[in-house]
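Trainee: Could you take me through one part of this protein slowly, namely its nonpolar interior, and then show me how the rest is arranged around that part?

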Amino acid sequence: MTELTDDELERYARHIVLREIGGSGQARLKSAHIVVIGAGGIGSPALQYLSAAGVGRLTVIDDDRVDLSNLQRQTLFGDGDVGAPKVDAAARALYRLNPHVNVMPVETRIGAANATALLDGADVVLDGCDNFTTRLAVADAALKLHIPLVSAAVGQFEGQIGVFRGWEADKPCYRCLVGDAPDRAEASCAETGVMGALTGMIGSLAALEAIRAIVPFGTDPAGKLLIADTLDWRFRTLALPKDPECRCAA
């Protein structure tokens with residue numbers, strides 16, 4: 001088992017005193033590899049909390065650069081990062097937050113052609129990307145590789161998060177939720193807007209579920225979808241059954 005240094009024992013003390021985590025759970029986090037898709041509104045807070053939690057290896061995949069309009073919600077970045085590749089700026093910020101974590105920046109667009117290679121070897125995939133085509137490619141690769149997928153999305157004042165392990169007999173995959181390659185129009189947050197604090201909340205919840213996938217505690221969230229409606233201050237949890245007609249049921 002990976003050992004924790006004296007500095008790490010002090011740094012993660014509030015985790016270690018939790019009965020559900022303990023020293024062994026913190027050591028598992030140190031040994032873990034989580035791939036985060038997108039360093040934007042969801043990825044930014046998720047990466048901060050995964051790094052602070054002591055996840056030993058974080059791979060960040062994004063092909064975008066920091067824009068001034070990002071700073072309203074992407075709190076990992078500052079004015080000095082504008083124009084820089086998001087993955088590089090994220091790596092610098094995360095190292096300042098926790099030098100014990102190994103951050104691998106991958107400046108590329110993930111898609112059907114490279115998703116399997118990019119995700120291979122990960123313990124968990126956290127997807128916070130901003131387009132549906134990428135979500136499907138990431139979900140298909142995670143299913144193929146049997147890697148738990150934490151998928152989170154936001155729009156205007158609403159967010160949702162789900163955990164998918166579709167290779168298990170009683171658990172749905174992402175396509176059980178959205179259908180098989182549905183044709184749906186996409187609108188960016190630049191067109192529709194998004195509440196900045198909402199992305200922080202959903203990104204933090206995504207980090208929580210990625211940690212839970214490494215060190216199980218409480219109720220298993222797979223097979224459920226959490227929807228947060230901050231206009232009506234309403235949180236709902238929906239059951240997601242496995243679709244018997246989906247490819248994951250074959």
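Mentor: Let us begin with the largest nonpolar core, which has 41 residues, and in which Ile 34, Leu 47, Leu 50, Leu 58, Leu 126 and Val 150 touch the most other members. The elements that give two or more residues to this core are strand 1 (33–37), helix 4 (43–53), strand 2 (57–61), helix 5 (86–97), strand 4 (124–127), strand 5, strand 6 and helix 10 (196–214). Of these contributions, the largest share is that of helix 10, which supplies seven residues. Apart from this core lies another one, made of 24 residues, among them Ile 110, Leu 119, Val 125 and Leu 240. Please keep in mind throughout that the model is predicted.

As background, nonpolar side chains in soluble globular proteins tend to be buried together.

Leaving aside its neighbours within four places in sequence, Leu 58 is in contact with Ile 34, Leu 47, Leu 50, Ser 51, Leu 94, Val 101, Asn 102, Val 103 and Met 104.

Helix 4 deserves a careful look of its own. Eight of its eleven residues are buried, so helix 4 is largely enclosed by the rest of the structure. After helix 4 comes Gly 54, whose phi is positive, near 90°.

Stepping back to the whole protein, we find ten helices and eight strands. The radius of gyration is 17 Å, close to the 18 Å that the globule rule gives for 250 residues, so the protein is as compact as a globular protein of that length. Of the 250 residues, 49% count as buried. Among contacts with a separation of 6 or more, 65% are accounted for by residues 24 or more positions apart.

Charged side chains also belong in this picture. Side chains of opposite charge can pair when their charged atoms come close. The protein has 13 salt bridges, and one of them joins Asp 127 and Arg 135 at 4.0 Å, N to O. Asp 127 is buried, with a relative accessible area of 1%, and Arg 135 also counts as buried, at 8%. Another salt bridge is formed by Arg 175 and Asp 140, whose closest N and O atoms are 2.7 Å apart. Because Arg 175 lies in helix 8 (residues 174–178) and Asp 140 in helix 7 (residues 132–145), this pair ties together parts that are 35 residues apart in sequence. Arg 175 counts as buried at 9% relative accessibility, whereas Asp 140, at 23%, counts as partly exposed. Asp 140 and Arg 175 are also linked with Arg 247 in a network of salt bridges.

Phe 157, Met 195 and Leu 231 make a nonpolar surface patch of about 290 Å². Phe 157 is placed in the loop between strand 5 (149–155) and strand 6 (158–164), and this residue is partly exposed, with a relative accessible area of 35%.

Conventions. Residues are numbered from 1 along each chain as its sequence is written. This is a predicted model: local features need pLDDT of at least 70, side-chain atom pairs count only at pLDDT 80 or more; totals for chains, interfaces and linings use all residues. Side-chain values use heavy atoms; hydrogens and water are left out. Patches are made of residues with over 30% relative accessible area and no salt bridge: like charges are joined within 9 Å, nonpolar side chains (Val, Leu, Ile, Met, Phe, Trp, Tyr) within 5 Å. Accessible areas come from the Shrake-Rupley method with a 1.4 Å probe; for residues, only the protein chains shown count as cover. A salt bridge is a side-chain nitrogen of Lys or Arg within 4 Å of a carboxyl oxygen of Asp or Glu. Helices (H or I, at least four residues) and strands (E, at least two) are DSSP runs, numbered from the N terminus. Buried means under 20% relative accessible area, exposed over 50%, partly exposed in between (1.4 Å probe, protein chains only). The radius of gyration is taken over C-alpha atoms; the globule rule is 2.2 Å times the number of residues to the power 0.38. Contact means heavy atoms within 4.5 Å. A nonpolar core is a set of buried Ala, Val, Leu, Ile, Met, Phe, Trp, Tyr and Cys residues joined through side-chain atoms within 4.5 Å.
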